[in-house]
Amino acid sequence: MKETLFNVALAVAILGASALITHLFARAMYITCPGCGTLNARRRKECRKCGQSLQSLS
C-alpha cells in the first residue's frame, strides 16, 4: 500500500513539475492577444488572427 501511494505521489509530482515548466516556457515565448486571446510569438507586431497591435504588450 505504501509503495502504491509513493508511486501515485511521484507521478503527481512529475506531472506537476512538467506543467509548471511548460507554463513558464509559454509565458517567456508567447504573448496573448487582448482582443481575441490568440497566442502570438513575442517577435510579432500584430496578432496573427485578428491583426490587433501587440506593441504595447511586449
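1. Where is L54 found relative to strand 2? L54 is found in the segment after strand 2; helices (H or I, at least four residues) and strands (E, at least two) are DSSP runs, numbered from the N terminus. The model is predicted, with local features needing pLDDT of at least 70 and side-chain atom pairs counting only at pLDDT 80 or more, whereas totals for chains, interfaces and linings use all residues. Residues are numbered from 1 along each chain as its sequence is written, and side-chain values use heavy atoms, with hydrogens and water left out.

2. Overall fold. The protein chain has 1 helix and 2 strands, arranged along the sequence in the pattern α-β-β. Its C-alpha trace spans about 55 × 15 × 15 Å along the principal axes. The radius of gyration of the protein chain is 18 Å, whereas a compact globule of 58 residues would have one near 10 Å; the radius is taken over C-alpha atoms, and the globule rule is 2.2 Å times the number of residues to the power 0.38.

3. Burial and surface. Of the 58 residues in the protein chain, 12% count as buried, where buried means under 20% relative accessible area, exposed over 50%, and partly exposed in between (1.4 Å probe, protein chains only). The accessible surface of the protein chain is about 4800 Å², and carbon and sulfur atoms account for 62% of this surface. Accessible areas come from the Shrake-Rupley method with a 1.4 Å probe; for residues, only the protein chains shown count as cover.

4. Surroundings of L54. L54 counts as buried because its relative accessibility is 0%. Leaving aside neighbours within four places in sequence, its contacts (heavy atoms within 4.5 Å) include I31, C33, P34, N40 and C47. L54 and G35 lie 19 residues apart in sequence, with a C-alpha to C-alpha distance of 9.9 Å. For the protein chain, 6% of the contacts between residues at least 6 apart in sequence join residues at least 24 apart.

5. The loop residue T38. T38 sits in the loop between strand 1 and strand 2 (39–41), and is buried, with a relative accessible area of 12%. Not counting residues up to four places away in sequence, T38 touches I31, T32, C33, C47, R48 and K49.

6. Cysteines. How many disulfides are counted? The count is 0, a disulfide being a pair of cysteine sulfur atoms within 2.5 Å. The closest cysteine sulfur to that of C33 belongs to C50 and is 3.6 Å away, so it is too far for a bond. C50 is likewise in no disulfide. C33 is buried at a relative accessible area of 3%, whereas C50 is partly exposed at 42%.

7. Y30 belongs to strand 1 (residues 30–32) and is partly exposed, with a relative accessible area of 37%.
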